[in-house]
Amino acid sequence: MRERITLEVPPDLQFLRLASTAGAEAARCTAIAVGMEKQDAFVHAVELAVSEVFTNAVKHKHASSHAWRVMIHFAINGRILEVVVKDRNRPFDLDSAPKPVLDTLPASGYGLFLVKHAMDTVMVHREADGNVVTMAKMVKPEGAS
Amino acid sequence: MRIDQQVMNNICVLIPRGRIDAVSAPIFQEQLTTGDDDNKVVDFSDVEFMDSSGLGALVASTRRLRAQHGDIKIACLYDKVRRTFELTHADRLFDIYDDTEAAVRSFAPEKSE
Amino acid sequence: MKTLLIIKANTFAWLQAVFPDRTPLMASVCNKPLMEYLLDFAIMCGSRHIRLATDMSPAKVEAVFGDGGRWGVELTYALIRESDDLAAVLLKNSRYCFGSRLLVMEGCFFLRYDKQRDYASFMKTAAPGELMSCATGRILIHDDTPFQPALEADESPPPMALTHLQSIGDLYRQSLRVLEHDAHQYVLPSYNTEGDVYLGRNVMIARSARIEPPVIIGDHVQIHKKAVVGPNAVIGRNVIINAHSQVRRSVILDKTYVGDHLVLDQKMVGGCQLVDPSKDTMVKLEDAHLLSSIQILQGWERNRFQRLGHGALAAFLWVCLAIPYVVLSFALKLRGQWRRKEETYWANRRGRTTRLAGVSFNSSGLCGRIAARLALDRYPLLGRVILGDLALIGTRLLTSTVANRAIIEMDASYRPGIFNYVEAENWPVPEPDQDIINNFHLARQTLFYDLVMMAKVFLNKLNKETALCESISK
Amino acid sequence: MQFQIQSSSYGPIGIAALSGRLDAANSYQLRRQFDRCLRTTGKFVFDCQDLNFIDSSGLGALVTCLRKAFDAAGDIRLAGVAPKVRLVFELTQAEKLFTFFTNTDQALASFNDRSIKLEATS
């Protein structure tokens, strides 16, 4: 299956649930399309990643900006689901997100780390006036190591 | 999200229901750190989703309670939320029980016999 | 009866020290993960519920075993901490354990059993307490229901024994022991079994290669000409054993390339790690011609000599094909059968991209057919080879989508070439196998080898009735 | 690496200490120096005590040297090869070509003693 789905979501946390469950549903569609229905881990990983990236986009928005929308694209490409999230914020660097040092019990800083571990690939690049987070994950059949 | 509270054997048990994300994490953290009890149990059986904001709230509260010689124990962590713990390796920080009553009991092991 | 498996990271430290990139929980004996032996045993003991309690991330185990549905059991996972003792683990899993007879297997060991024997009735009547133990683990029965001793325990218990695993040598010896003596006692993974030869799926064995039983070979394995495998060899999944090499009394782990003319006797190999289990010495080879991990084969950028060679050959082709290119492209353009297309591709594994302008044309007419046979669709790309950006022959070029990036990072070694090794094969290769074939050739490539492969590509193109006209792969 | 010639009752013997890595980067150097030394003698002892890594090109260089030594009616004897380097010899069957000794003195002595033929230390 090859499909593209686009959501335009206002950068407000009241739509967080909408954005992340949309991610979960897109993941479920991907898994079902390749005939692998028991893919809770896959679905959860995508839901989590979308939730984190959307939260990140909303939390770092400029106070002045109102007119823009967070653009979320899902591209289902066979066994691979690609998610692209575009914002209008100041640049951020994915690699600068360190692995949280758990022993010190930090209260935050898990977000991007989580995204990197939940998805197979994550990239961030700058486009015109915003960040583009591109991530992908492949559905793996049960039993593949 | 809604958070119910129960007291079992003088231990406060929090039962959050729904999603713990950036929207509900502040409420969750507040509930975790209010009250006189330094020992708490969080029952995750009705949590359908938790992201890093929820985890952050949990870790921050744990830090605070441990400073007061208390602790937070986790109960009934099912697959979905368990994976959030695993991905961040936060499972190393907590004692995780599959039963709320056992989590409560773990605070007073010497009295359990 | 339920089963609780307690496996902690520290009991696998010896494995992590030698093979840091392999998941301890999936460490295997005769290509079967230790975890699966325990699962099989638990099922034979009559368990329908099995729980894995571990302080490692069970994600990799979960990816393979899922919820246990394929085994007809319910498999669940619990997270524990390194410091937890048995009582703490039982308390943490009290809902699971409550009110049921519980078989507890704790530690890192190999459990010998016999699939033909009846364990269920023994487990039902055995007295609670420790059944067996070894230096690195134990098996016990926990029962909080009132115990009723069996009326008459006249039958001796079925055979069971624990073997400690605390070094690579232990794992190696256990693998060979199972293969040599006890293979019939377990269900070993194989697709095809003849006598003492267990073969996985998609195994290619050259006609002149020799297989000497007992041998177990995993999925997607290539054994090349005059290689000798066995007696007593365990070959994992995705392994290539190149020509004239010999493997006996040895264990080769997944994703390993064994170069040509090598002798492995009483060794254990995983990727580029070579271990002598008898002395517990090991060496990490950095030479891709000897042993290497199939996943990480790069170094194209470092090898200037080879890049120059490819460039020179590309320049030669560029000169030879210049006249046909000019004439045929003109002829095809006149008919409107010539299209340019530009696309961005991943240029290397580290995420550099490159924009390439290729052409495509209709290959149905005479001009088109000739152009296709001369591979003129690649002609505009030869310049990039001369510049050293791309290889002349290599793996498939992948367009710069994140999805493809995922493929590059996960499965394949990536040295994009404007021609593919696959095109040099005499038979059409189905798409899923293309990357395996490309990787194989990439593993043994030298400049001369690439030259020969290029010659084969052109011979193929000239011979083929319907030449590939699709410009570079999708 | 530096070759030095030591005279013995059995004629001059070239001694070289190989240390660190012997790979594509320095195997050429070994061959050149070896060739220079070959004018004086065909018998060599390579002290491999401090050699901790060898790859196929390093091995190739050693085998080439050995062949030349054989042509000059000599031999190369290896001393103090570490177990993990020895594994590479074993893997490539180069082990059968060379004679191994625990230390340089034994290797040197082996040239003097005709009775020691190919008794390698294992």
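Biologist: Where does C:Lys32 sit in chain C?

Modeller: C:Lys32 belongs to strand β3 of chain C, residues 32-33. Keep in mind that this is a predicted model.

Biologist: Why does C:Lys32 count as partly exposed?

Modeller: C:Lys32 has 19 C-beta neighbours inside 10 Å. Buried needs 20 or more, and exposed needs 12 or fewer. The value falls in between, so C:Lys32 is partly exposed.

Biologist: Which residues does C:Lys32 touch, leaving out those up to four places away in sequence?

Modeller: C:Tyr37, C:Leu188 and C:Pro189. The cut-off for a contact is 7 Å between C-beta atoms. C:Ser57 gives a sense of distance: 25 residues from C:Lys32 in sequence, and 20 Å from it in space, C-alpha to C-alpha.

Biologist: What makes C:Asn31 stand out in its backbone?

Modeller: C:Asn31 is not a glycine, yet its phi is positive, about 65 degrees. Most residues other than glycine have a negative phi. C:Asn31 lies in the loop between β2 (28-29) and β3 of chain C.

Biologist: Is C:Asn31 buried or exposed?

Modeller: Buried. The count is 24 other C-beta atoms within 10 Å. The threshold is 20 or more, so C:Asn31 qualifies.

Biologist: Which loop holds C:Lys255, and what is its phi?

Modeller: The loop between β21 and β22 (256-258) of chain C. The phi of C:Lys255 is positive, about 55 degrees, although this residue is not a glycine.

Biologist: Why is C:Lys255, a lysine, called buried?

Modeller: The label rests on the neighbour count. C:Lys255 has 21 other C-beta atoms within 10 Å. With 20 as the threshold, C:Lys255 is therefore buried.

Biologist: How do you know which peptide bonds to call cis?

Modeller: Look at omega. From C:Pro213 to C:Pro214 omega is near 0 degrees, and the bond is cis. Between C:Gly230 and C:Pro231 omega is about 0 degrees, and that bond is cis too. Most peptide bonds are trans. C:Pro214 is in the loop between β14 (210-211) and β15 (215-217) of chain C. C:Pro231 is in the loop between β17 (228-229) and β18 (233-235) of chain C.

Biologist: What makes the 8-strand sheet of chain C open, and which strands stand at its edges?

Modeller: The order is β11-β12-β15-β18-β21-β24-β25-β26, with mixed pairing. The edges are β11 (192-194) and β26 (281-284). Each has a single partner strand, so one side of each lacks a neighbour in the sheet. From one strand to the next, the twist averages 10 degrees.

Biologist: How do you know that β21 and β24 of chain C pair?

Modeller: Count the bridges. Pairing takes at least two. Strands β21 (residues 250-252) and β24 (residues 268-270) have 2 bridges, in the parallel sense. In one of the bridges to β24(C), C:Val251 partners C:Met268.

Biologist: Which helix of chain D packs on the sheet?

Modeller: Helix α3 of chain D, residues 83-91. This helix touches β25 (273-276) and β26 of chain C, and its direction makes about 70 degrees with that of β26(C).

Biologist: Which residues touch the most other members of the largest nonpolar core?

Modeller: A:Val46, A:Ala49 and C:Val258, in a core of 184 residues. The largest share, 11 residues, comes from α2(A).

Biologist: Why is this core said to lie between two domains of chain C?

Modeller: Domain 1 (2-166) and domain 2 (189-293) of chain C both give residues to the core, so it lies between them. There is also a second, separate core of 34 residues, which includes C:Ala347, C:Leu374, C:Ile418 and C:Phe419.

Biologist: What does C:Val258 touch beyond four places in sequence?

Modeller: Its contacts include C:Ile240, C:Ile241, C:Val247, C:Leu264 and C:Leu291. C:Asn242 and C:Ser245 are also among them.

Biologist: How many residues make the contact between chains A and B?

Modeller: Chain A gives 23 and chain B gives 24. On the side of chain A that touches chain B, α2(A) supplies the largest share, 8 residues. The residues on this side divide into 13 nonpolar, 6 polar and 4 charged.

Biologist: Which elements make up chain A?

Modeller: There are 3 helices and 5 strands. From the N terminus they run β-α-α-β-β-α-β-β. Of its 145 residues, 41% count as buried.

How values were computed:
Residues are numbered from 1 along each chain as its sequence is written. Chains are lettered from A and ligands numbered from 1 in the order in which they are written. This is a predicted model: local features need pLDDT of at least 70, side-chain atom pairs count only at pLDDT 80 or more; totals for chains, interfaces and linings use all residues. Two residues are in contact if their C-beta atoms, placed from the backbone, lie within 7 Å. Helices (H or I, at least four residues) and strands (E, at least two) are DSSP runs, numbered from the N terminus. Ala, Val, Leu, Ile, Met, Phe, Trp, Tyr, Cys and Pro count as nonpolar, Asp, Glu, Lys and Arg as charged, and the others, Gly among them, as polar. A nonpolar core is a set of buried Ala, Val, Leu, Ile, Met, Phe, Trp, Tyr and Cys residues joined through C-beta atoms within 7 Å. Domain bounds come from an automatic or database domain assignment. Axes are lines fitted to C-alpha atoms, for helices over the stretch in contact, and angles run from 0 to 180 degrees between N-to-C directions.
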